[in-house]
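Work through the exercises below with the sequence and the coordinates at hand. Each task is followed by its solution.

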Amino acid sequence: MMDNLKYSDWKPTVDTLGMYLQMAGKVMLERKPQEPEWEAVALRVTPTGLTTGPINSENGLFMIDYNFVDHKVIISDESGKKVEIPLEDGVSVAQFYKKFMAQLEFLGHRTDIYTIPQEWDFKTPFELDEEHKSYDKKSVEKWFEMVKFAYQELDKYAAPFRGKRSGIDFWWGTADMGTLRFSGKQYPLNPAFPVGFRYGVDAELVECGFSLGNNPIGEPYFYGFLFENSPEYKTWKIKPDKAYYNGYFIYLLKDVLEEKNPSESLQLFFNSVYEAATVVQKWEHVEELTKPLEMPPQKPHREHIAK
């Protein structure tokens, strides 16, 4: 059974690991071609952790991988070279930053980044942060089990949509993960919004995702919201019954896991959020966007028995 890891149980590790992840995210910010809604700079889930995917530099492609099974960061490039940085308790953000930047430069991919944390509750520059130095391997492993479960369910929800949508994006600024569906309507940029939000929501959309609960909710949950919001959406009856509204729709992981069929309940939640958005925002051609794919059936999964 998956553990329902509360934020308070591993907050020091969240704060440290969050800064480690932001370093790779900020490298992508400086290196990757820009895409709408910041799509290019999201991390992606792998079987063992998170990755930047290929990043281009003056000396070719390189990639940064966070491995939460062997607990290390691997930076590799097209020459076949790679370096590893252990993820271990007692290494401050400042110490990790120094190693991280040195290894990037060693491989020929030096990238100068903005070192003040984004979307976090402290603003200590990486190179000065000696306070945050916790890395509890067991907590990281429990969290990543939740991430993998969430990824599988979000992938299942996102896959059949025929319209414009994002991938399954892990947002390193907030350490949450989500996928967007778009109606096709664009919004003018709002200069009153912070930069990240201003360019992240310049279109009519609905997002479903997963958060570890590093906020007042304090525990892992799935969420759904639309942009722009409306009074009608706030009063919409979302399924299942245990889902509720608190600025956006929330379905606690603990409630999901108590369901007879957690996967079925989650898909009901995601699709209920999406349906509400299409009605409230008056999306056009909804039937075409969710028309069944009618593709050849996939072979049934078989348990592999090693000989």
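Helices, as H or I runs of at least four residues, and strands, as E runs of at least two, are taken from DSSP and numbered from the N terminus. The model is predicted.

**Exercise 1. Overall description**

Task: State how many helices and strands are in the chain, and decide how its radius of gyration stands against the globule rule.

Solution. 
- Step 1: The chain holds eight helices and 12 strands.
- Step 2: For 307 residues the globule rule gives 19 Å, and the radius of gyration is 20 Å, close to that value, so the chain is as compact as a globular protein of that length.
- Step 3: Along the principal axes, the C-alpha atoms fill a box of roughly 60 × 55 × 40 Å.
- Step 4: Buried residues make up 51% of the 307.
- Step 5: Take the contacts between residues at least 6 apart in sequence; 62% of them join residues at least 24 apart.

**Exercise 2. Packing of α3 and α7**

Task: Classify how helix α3 and helix α7 are oriented to each other, and find which residues make the contact.

Solution. 
- Step 1: Helix α3 spans residues 137-158 and helix α7 residues 262-280; their axes lie 10 Å apart, at an angle of about 50 degrees.
- Step 2: Roughly parallel requires under 35 degrees and roughly perpendicular 65 to 115. The pair α3 and α7 is therefore oblique.
- Step 3: The crossing of α3 and α7 is right-handed.
- Step 4: On α3 the contact uses Phe149, Glu153, Leu154, Lys156 and Tyr157; on α7 it uses Pro262, Ser263, Leu266, Gln267, Phe270, Asn271 and Tyr274.
- Step 5: By type, these residues are seven nonpolar, three polar and two charged.

**Exercise 3. Tyrosine 221**

Task: Is tyrosine 221 buried or exposed, and which residues does tyrosine 221 touch?

Solution. 
- Step 1: Tyrosine 221 is in strand β10, residues 221-227.
- Step 2: Its relative accessibility is 2%, so tyrosine 221 counts as buried.
- Step 3: Leaving out residues up to four places away in sequence, tyrosine 221 touches residues including Gly209, Phe210, Ser211, Tyr248, Ile250 and Leu252.
- Step 4: Serine 211 is 10 residues from tyrosine 221 along the chain, and their C-alpha atoms are 5.5 Å apart.

**Exercise 4. Backbone exceptions**

Solution. 
- Step 1: Most residues other than glycine have a negative phi, and most peptide bonds are trans.
- Step 2: At 65% relative accessibility, lysine 282 counts as exposed.

Terms used
Residues numbered from 1 in each chain as written. Predicted model: local features only at pLDDT ≥ 70, side-chain atom pairs only at ≥ 80, totals over all residues. Heavy atoms only, no water. Axes fitted to C-alpha atoms, helices over the stretch in contact; angles between N-to-C directions. Parallel < 35°, antiparallel > 145°, perpendicular 65-115°, else oblique. Left-handed = near helix turned anticlockwise from the far one by under 90°. Contact = heavy atoms within 4.5 Å. Nonpolar A, V, L, I, M, F, W, Y, C, P; charged D, E, K, R; others polar. Rg over C-alpha atoms; globule rule 2.2 N^0.38 Å. Buried < 20%, exposed > 50% of the residue type's maximum accessible area, 1.4 Å probe, protein only.
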